[in-house]
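Subject: Structure for your review

Dear colleague,

Please find below the structure that I am handing over to you. My findings follow it, and I would be grateful if you read them with the model open.

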Amino acid sequence: MPLSVLIVDDSPLMRRFVERVLRMSGLELAECREATDGLDALAKIRESVPDIVLTDINMPTMDGESLIRCIAEDGDLRSIPVIVISTDRTEFRKSRLMELGAKGYVAKPFNPEILRAQLERVLGSLIDV
Ligand SMILES: [Mg+2]
């Protein structure tokens, strides 16, 4: 099934990079939307629910941690898997985000294989390999 993805990052360059890596990873994409922070992401998720959310952590207005918490606390949204893409490599940060509800964690910089492996692990049968 082609994937509907929402990329959340305050950096336009990083959003473009993540999208390019997704396309290079060979996954079939139905749709690849972008949001600039957590609030923008919630608005776009409520417009149309994606198969997966890939989110940065450090963003203005609403950061990735708050976004993950909002998704986890919303009964309509909590089934949407969220993968964090962050420069923060500390185990403490990672385990905190996973406790809050993140399903995967990719440290920047990353290559297509790493992102694809996380997507396959998180989405499983949704992906035609
Ligand atoms: Mg950022």
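Two residues are said to be in contact if their C-beta atoms, placed from the backbone, lie within 7 Å. Please bear in mind that this is a predicted model.

I begin with a pair of helices. In this sense of contact, G38, A41 and L42 in α2 meet G64, S66, L67 and C70 in α3. The residues of this contact of α2 with α3 comprise 4 nonpolar and 3 polar ones, with no charged residue. Helix α2 spans residues 38-47 and helix α3 spans residues 64-73; their axes come within 9 Å and cross at roughly 30°. Because angles under 35 degrees count as roughly parallel, α2 is described as roughly parallel to α3.

I turn now to the sheet. The model has an open sheet of 5 strands with parallel pairing, in the order β2-β1-β3-β4-β5. Its edge strands, each pairing on one side only, are β2 (29-35) and β5 (104-107). On average, neighbouring strands of this sheet are turned by 20° against each other, direction ignored.

Within the sheet, β3 (residues 52-55) pairs with β4 (residues 82-86) in the parallel sense, over 3 bridges. Here T55 stands opposite V84 in β4. A further helix, α5 (residues 112-123), packs on the sheet and touches β3, β4 and β5. The direction of α5 makes about 175° with that of β5.

Yours sincerely,

A colleague

Note on methods
Residues numbered from 1 in each chain as written. Predicted model: local features only at pLDDT ≥ 70, side-chain atom pairs only at ≥ 80, totals over all residues. Pairing = 2+ DSSP bridges. Helix = DSSP H or I, 4+ residues; strand = E, 2+ residues; numbered from the N terminus. Axes fitted to C-alpha atoms, helices over the stretch in contact; angles between N-to-C directions. Parallel < 35°, antiparallel > 145°, perpendicular 65-115°, else oblique. Nonpolar A, V, L, I, M, F, W, Y, C, P; charged D, E, K, R; others polar.
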